[in-house]
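The entries below follow the order in which I checked them.

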Amino acid sequence: MTSLNAPALRGGMLALMAAALFGISTPLVQRLGVGLGAFSTAALLYGGAALVGAFSRRPKEQEARVQRSDTVRLLAMAIFGAVIGPVALAWGLQRTSGASASLMLTLEALFTAILAWRLYGESMDRRVWLAMLLLLAGGMALVLDQGMAGGVQLMGLLVVMLATAAWGVDNTLSRALAERDPSQVVMLKAALGATLTTVLAWFNSEPLPSWMAALGLLAVGATGYGLSLRMYLLAQRAFGAARTGSVFAFAPFIGAAFAFALGDRSAGGLMIVGGLLMLCGVALHLAEDHGHEHVHEPIDHEHAHDHSDGHHNHTHNPTIVGTHSHLHHHEEEQHNHAHVPDSHHQHVH
């Protein structure tokens, strides 16, 4: 039988790939969005994400479909994650340095972890709380650094912080849809967000982008928002919202490094200190080892799964090999192993 720690490894790798794609996108959005309105930039980014979602959908035999009852949650995800978040980021990126804005995005992990703890009861031991305090301290150092650079720089950074809070809410809302087809979730959320931001761009008479800027932002949206979000949702499915947020917190460091490679030399002493504090916080959170005796209550649900994870022991006639999706039943079970807060480990601590 495959090790029960396999979901954590799979989730970590998916979250890391999502982080790399999103991290690289931030300095590119800053460059491609010059002269454009924040709503137009967000509309193009999520237009690209919607295309990725549409073309990567899986057959219903392999992934559970989005339900009509998910509509309100999807709309809320679109408002926070595809309107407020990207619009605030686009606005802030034009008024602060790319490196500091990238590092500030680390606070998304802080907001996600706290909300996951409050709303889903995901475990938060002393090590995790210390990690969150390090992230917060790093964010305060970045605010001080940009405050010394002038009011416009500080305002831009604070608006980027607003984006992290909005994406933290979005991440927490999306946790309940982690068992649905991630491509369908990406497509619907991105399409809603692109539609709303397009209407707002038109209402505010924002200038039309050039063909080069439009194609560039669509491409960045397809990879840094579409593919990244799809991998993020799969990571949440594997090991919960808080831990996915922690691994995803590497995205800002990838973005800051890419901004430096593109010529951003704005890093000062406080920015370096803030980045190091945040990096320590991420590393500390990832070092968590959680295991104890726990009970699985009886449950009926539908999601993509296979029969090698130690929690899906039902049989098929004929036998099905590999990942598949259908409504299935879990009997009550009590055992002890290292685990993460995936869909089968939502118990209260």
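I call a crossing left-handed if the near helix is turned anticlockwise from the far one by less than a right angle, and right-handed if clockwise. The model is a predicted one.

Entry, H2 and H8. I took helix H2, residues 38-55, against helix H8, residues 182-203. Their axes are 7 Å apart, and the packing angle is about 155°. Angles over 145 degrees count as roughly antiparallel, so H2 is roughly antiparallel to H8. On handedness, I noted that H2 passes H8 in a left-handed crossing. I then listed the contact: the H2 side includes Phe39, Tyr46, Gly47 and Gly53, and the H8 side includes Met187, Lys189, Thr197 and Leu200. Several alanines take part, among them Ala42, Ala43, Ala49 and Ala50 in H2 and Ala190, Ala191 and Ala194 in H8. Sorted by class, this contact has 14 nonpolar, 6 polar and 1 charged residues.

I checked the length of helix H3, residues 71-93, against its residue count. At 1.5 Å a residue, its 23 residues should span 33 Å, and the end C-alpha atoms are 31 Å apart, which agrees. I also found a kink of about 25° in H3, centred on Ala78.

Entry, H2 and H3. How far apart are the axes of H2 and H3, and at what angle do they pack? I read 8 Å and about 125°. The two helices are therefore oblique to each other. Their crossing is right-handed. From H2, the contact uses Ala38, Phe39, Thr41, Ala42 and Tyr46; from H3, it uses Gly81, Ala82, Pro86, Val87, Ala90 and Trp91. I counted 9 nonpolar and 2 polar residues there, and no charged ones.

Entry, H3 and H8. The axes of H3 and H8 come within 8 Å and cross at roughly 55°. H3 and H8 are therefore oblique to each other, and I logged their crossing as right-handed. On the H3 side I listed Leu74, Leu75, Met77, Ala78, Ile79, Gly81, Ala82, Val83 and Val87. By class I have 13 nonpolar, 3 polar and 1 charged residues for the contact of H3 with H8.

Notes. Residues numbered from 1 in each chain as written. Predicted model: local features only at pLDDT ≥ 70, side-chain atom pairs only at ≥ 80, totals over all residues. Heavy atoms only, no water. Axes fitted to C-alpha atoms, helices over the stretch in contact; angles between N-to-C directions. Helix = DSSP H or I, 4+ residues; strand = E, 2+ residues; numbered from the N terminus. Parallel < 35°, antiparallel > 145°, perpendicular 65-115°, else oblique. Contact = heavy atoms within 4.5 Å. Nonpolar A, V, L, I, M, F, W, Y, C, P; charged D, E, K, R; others polar. Expected span 1.5 Å × (residues − 1). Bend = angle between axes of the 7 residues up to and from the residue.
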